[in-house]
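Today I'm looking up a few residues and jotting down what I find.

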Amino acid sequence: MEKLDACIRNHDREIEKMCNFHHQGFVDAITELLKVRADAEKLKVQVTDTNRRLQDAGKEVIAQTEEIIRCRVQQRNITTVVEKLQLCLPVLEMYSKLKEQMKVKRYYSALKTMEQLENLYLPRVSQYRFCQIMIENLPKLREEIKEISMSDLKDFLESIRKHSDRIGETAMKQAQQEKTFSTTLQKHNNVNYGRNMHLGRSKILDSKNEMTLKRTFEEDDDHDEEVLTAQDLVDFSPVYRCLHIYSVLGDGEIFENYYRKQRRKQARLVLQPQSSMHETVEGYRRYFSQIVGFFVVEDHILHVTQGLVTRTYTDELWNMALSKIIAVLRTHSSYCNDPDLVLELKNLIVVFADTLQGYGFPVNRLFDLLFEIRDQYNETLLKKWSGLFRDIFEADNYSPIPVANEEEYKIVISKFPFQDSELDKQSFPKKLPMSQSVPQIYIQVKEFIYASLKFSESLHRSSTEIDDMLRKSTNLLLTRTLSSCLQNLIKKPHIGLTELVQIIINTTHLELACKYLEDFISNITNISQVTVHTARLYGLSTFKDARHAAEGEIYTKLNQKIDEFIQIADYDWTMSESDGRASGYLMDLINFLRSTFQVFTHLPGKVAQTACMSACQHLSTSLMQMLLDTELKQISMGAIQQFNLDVIQCELFASSEPVPGFQGDTLQLAFIDLRQVRHYCTSLDFRSQTLTLLEKEVTLLASSKKNNIFAQFRKNDRDKQKLIETVVKQLRSLVNGMSQHT
């Protein structure tokens, strides 16, 4: 506290010193102010006097100044009027220009004029009544422009719908020409061309700023030398105009939605086929042309407008169209039975796919569909060639081909690859072993390969795949069509033994020609047969099966012919003595067999031997069945002797080796059972034969009695039955005793 008090005292002394220092100045200032007070009063009097005198002098100046102000106001008003009139005149001129543009249908320019009016001119003079009228009319003019442009767009869409086939036809024609040119260039330069072709794309890109194209739908320029692009046929200005108008008006999205909706509807109409489309190629061509025309227009709109259509939109539309196209083609192509029509359809699909692929649309599914159509094409080819094969077989004479001279021989060799060194040594005239149907069948198989190749062209497949296609289709022709025709031919009743023999010879030569067909396919496709994935022709099995069927039919027909001869046999089983010579029917049968087996000399040895052995065995069995027939009641010794002569003739025929190649007595063994029966019958005398016949009759009587079940219930009949059985046993013992003695 003491220190604080001391500090306070120090500060007080400092304050006192400061006040003392400034007190004198304050006093001096008050003194000076008192002196100025008197001077101020004098100045006030002087100023008042000066002001009074100045006011009196300025009254005249004020009057002159007011006059000047009034003139200046008038001048300013005049300037203002001029300025306002200068503002109004451009508005009136622009509005007049707007009316003129509407009159000449320059709607896009009219919209620009309206925009200038609204944004630049009208705001300057908006306070005037005539400007308000203009402002009220502008929305009406805009709606009128929208309606007019939309009407033009509708006319454009209608015209496009009607003439899309013309547009598509032009695009497809140019695609085909471009492809032909590229193929020719490839052949000349020996280079591959794999880049996608785009029709008129460069022309479109170069002419983006040229929006107006002349409409030429009504003019027929089929004979015009100048080739027009698909875009040259269309006037797209209504689309551009309408797009710009709606964009300027801020309704671009509305226009885009409307355009896409209408085009989707038109796409559905274009994709709807006619019911009779499959009957002619023109129906397919028109269908494809309409679709191509539709997507050519969409592609052009995509590249020359911004946002009206997008790639996503066109891809979605194309996928929808592609699914419909594939379904339509699957349905309608299934009705096509003409291979030429199917081939033309394939060519149209290829051109259609190449055209749209050139515009950037994916077409892999179309080429996949072509493989399905290829199977159908092969089926129609197989049906057609089945008829050709039947006609060839019907027209064939089933005789070896005669050649009178070297020229005729070369003609046949040029058609069919035949080689025989032994035949070459023979002099003319001579005969080729096969009949006329063989070279004709060979030629038709080659024609089938060519026809199948036509479909494989332009499918963008490798040579290996084409080679595999050709071999598979050729295998179907051989294993199914030709095999079926051969089987049906063999089963026909008018085909005799001679024809069957010739069929076997024919199939042998056709089988040998299969390797030449493989070489033929390899030469076409330039694919070596040593390639791992190369398929082989199944002609060997086809012709072997046909040959086996023909051989079996030969055996069957031989047996049937033998049965026919046996049926005319007329033995008198009660004759007293034989004629001393073999029966006429048997001699005719043996002569028939001799002449038939002479024809068999051209057959493979085993076939002829098998046929001969089968015939002899069947003859032996038939004669045995004739002798053991249950309806035969009795046989005389003369009948046995006559039958013995017939059996001897059969044995002589067997020993004469009608078909070479049998070892020893192999063929005679077919008649061994008849030989035993013959020895047995000649060793028995007439009594034993009579007892045998009696036994036979009694046995038949006994069996007939046994079969009568009602007789078992009658006592007398049972006694008779026992008596008959006793007699039969006694006769059998007697016959057996005589046989042992003999």
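This is a predicted model: local features need pLDDT of at least 70, side-chain atom pairs count only at pLDDT 80 or more; totals for chains, interfaces and linings use all residues.

Before I start: I call two residues in contact when their heavy atoms come within 4.5 Å.

Entry one, leucine 558. I found leucine 558 in helix H17, which covers residues 539-567. Is leucine 558 buried or exposed? It counts as buried, because its relative accessibility is 1% and the cut-off for buried is under 20%. Next I looked up what leucine 558 touches, leaving aside its neighbours within four places in sequence. My list reads Leu497, Phe592, Leu593, Thr596, Phe597, Phe600, Ala611 and Ala615. I checked alanine 615 separately: it sits 57 residues away from leucine 558 along the chain, yet their C-alpha atoms are separated by 6.3 Å.

Entry two, alanine 549. This one lies in helix H17 as well. At 18% relative accessibility, alanine 549 counts as buried, since the cut-off is under 20%. Which residues does alanine 549 touch, not counting those up to four places away in sequence? I got Gln487 and Ile490. I also noted lysine 491, which is 58 residues from alanine 549 in sequence and 8.9 Å from it in space, C-alpha to C-alpha.

I moved over to helix H1, residues 2-103, where valine 27 has its place. Valine 27 counts as partly exposed, because its relative accessibility is 33%. On the surface, valine 27 forms a nonpolar patch with Phe26, Ile30 and Leu34. Together the four have about 380 Å² of accessible area.

Technical notes. Residues are numbered from 1 along each chain as its sequence is written. Side-chain values use heavy atoms; hydrogens and water are left out. Helices (H or I, at least four residues) and strands (E, at least two) are DSSP runs, numbered from the N terminus. Buried means under 20% relative accessible area, exposed over 50%, partly exposed in between (1.4 Å probe, protein chains only). Patches are made of residues with over 30% relative accessible area and no salt bridge: like charges are joined within 9 Å, nonpolar side chains (Val, Leu, Ile, Met, Phe, Trp, Tyr) within 5 Å. Accessible areas come from the Shrake-Rupley method with a 1.4 Å probe; for residues, only the protein chains shown count as cover. A salt bridge is a side-chain nitrogen of Lys or Arg within 4 Å of a carboxyl oxygen of Asp or Glu.
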